[in-house]
Amino acid sequence: MSTAARFISFEGIDGAGKSSHIDAVADLLRQAELPLLLTREPGGTPLAEELRGLFLHRPMDALTEALLVFAARRDHLSTRIVPALAQGQTVLCDRFTDATFAYQGAGRGFDLAVLTQLETWVQNGLQPDLTLWFDVPPAVAAARRSAARAPDRLEQEDTEFFDRVRAGYLARAEADPSRFVRIDAQQTLEAVRADVLKVVTERVLARRGAPT
Ligand SMILES: Nc1ncnc2c1ncn2[C@@H]1O[C@H](COP(=O)(O)OP(=O)(O)O)[C@@H](O)[C@H]1O
Ligand SMILES: Cc1cn([C@H]2C[C@H](O)[C@@H](COP(=O)(O)OP(=O)(O)O)O2)c(=O)[nH]c1=O
C-alpha cells in the first residue's frame, strides 16, 4: 500500500469553494490526532504574508507576479513547510505551485519553461503528495464570488482569464494524475464535502502506518 499523503494542497479558480472545505479536512485529521500545519499561499510566514499583500493589491507584470509568489514560497517552504514535514506534521496548504502555473502561466500567458525553472530552484523536487483540485465552470465561480465578497486584483479578471486558468489546472492534473484528484465543485456544498472527506480518508487516514 502507498504511504499516507502528508503534504496536501487545495487548488481551483477563485470562488470554486476550496476555502469552504479546508477546515472540514482539518477537523477530520485532528479527530484522528494527526499533528497539523494549516497554511496558505501566497503567505504562511510573516515575510510571505507581506508579499501576499503586495501581490494581491499592487499592479505589476506577470514576471513580477511570478517572482513574488516564488519568493514567498521559498520563505514558506524553508521556514514552515519543510520543518513541519520533518517533525511528522501533515501540511494542509491553501494553494501551492499549481496556482502559479495556472494563474501566471495559463492565465497571464507567462513562459512555462521559466516557471518550471523557478519551481526547480525553489522547491528542489518537493511537491505536494496530494492535490485536491476544485473544478467548476468560471461563470459559476464568478456568481459565488460576487455574492460573497469584494474582488481583489486577480478576482477582477474576466471569464476568459478564468477559462485559461481552469485549462492550466487541467494541464497540470493531466501531467501528474497520481497526485491530483479532481473534485466536481459544481455540486452542492454537502456533496463536495462528502467527496473531499472520502478522498482524504482514503489517501491519508486509511494509509497511516503503511510501510514507507
Ligand atoms: N458547492 C457550493 N455551492 C454553492 N455555494 C458554494 C459552494 N462552495 C462554496 N460556495 C460559496 O461560494 C463562496 C466562495 O467560496 P470559497 O470557499 O471562498 O471559494 P474559494 O476559496 O475557492 O475562492 C462562498 O460564499 C461559499 O459559501
Ligand atoms: C499561490 C498563488 C495564488 N495566486 C492567486 C490566486 C488567487 O486569486 C489569489 C489568492 O488566493 P486565495 O487565498 O485562494 O484567495 P481567496 O481565498 O480569496 O480566493 O492569488 C496566483 O496568482 N499565483 C499563485 O502562485
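Which pocket is the space taken by ligand 2? I looked it up, and that space is the largest pocket. I note here that the model is predicted.

**Entry: around ligand 2**

I listed the shell next. Helix H2 (46–57), helix H3 (62–86) and helix H4 (97–107) are the elements that give two or more residues to the shell around ligand 2. H4 gives the most, with 4 residues. I found 19 residues around ligand 2. Those that come nearest are Lys18, Arg52, Arg95, Thr100 and Gln104.

I then sorted the shell by class. Around ligand 2 there are 9 charged, 7 nonpolar and 3 polar residues.

Which distances separate ligand 2 oxygen atoms from side-chain N or O atoms of Arg52, Arg73 and Arg95? For Arg52 I read 2.8 Å. For Arg73 I read 3.3 Å. For Arg95 I read 2.6 Å. I also looked up the cover on ligand 2. On its own, ligand 2 has 550 Å² of accessible area, and the protein covers 93% of it.

**Entry: Leu63**

I stopped at one residue of helix H3, Leu63. Is Leu63 buried, exposed or partly exposed? Its relative accessibility is 39%, so I wrote it down as partly exposed. The cut-offs I used are under 20% for buried and over 50% for exposed.

I also checked Leu63 against Phe110. The two are 47 residues apart in sequence. In space, their C-alpha atoms are 7.3 Å apart.

**Entry: around ligand 1**

I moved on to ligand 1. The space taken by ligand 1 is also listed as the largest pocket. I counted 15 residues around ligand 1. Gly15, Gly17, Ser19, Ser20 and Gln187 come nearest.

Which helices each supply at least two residues of this ligand 1 shell? I found helix H1 (19–31) and helix H6 (138–148). By class, I noted 6 polar, 5 nonpolar and 4 charged residues around ligand 1.

A backbone N or O atom of Lys18 is 2.9 Å from an oxygen atom of ligand 1. Arg149 has a polar side-chain atom 2.9 Å from an oxygen atom of ligand 1. With Gln187, a backbone N or O atom lies 2.8 Å from a nitrogen atom of ligand 1. Taken alone, ligand 1 exposes 570 Å², and the protein buries 76% of that.

How values were computed:
Residues numbered from 1 in each chain as written. Chains lettered and ligands numbered in written order. Predicted model: local features only at pLDDT ≥ 70, side-chain atom pairs only at ≥ 80, totals over all residues. Heavy atoms only, no water. Near = heavy atom within 4 Å. Polar contact = N/O pair within 3.5 Å; in protein donor to acceptor, adjacent residues only side chain to side chain. Areas by Shrake-Rupley, 256 points an atom, 1.4 Å probe, with all protein chains shown as cover. 1 Å grid on protein atoms, 1.4 Å probe; cavity = no way out; pocket = protein on both sides within 12 Å on 5 of 7 lines; lining within 4 Å. Sits in = over half its atoms within 2 Å of the grid points. Nonpolar A, V, L, I, M, F, W, Y, C, P; charged D, E, K, R; others polar. Buried < 20%, exposed > 50% of the residue type's maximum accessible area, 1.4 Å probe, protein only.
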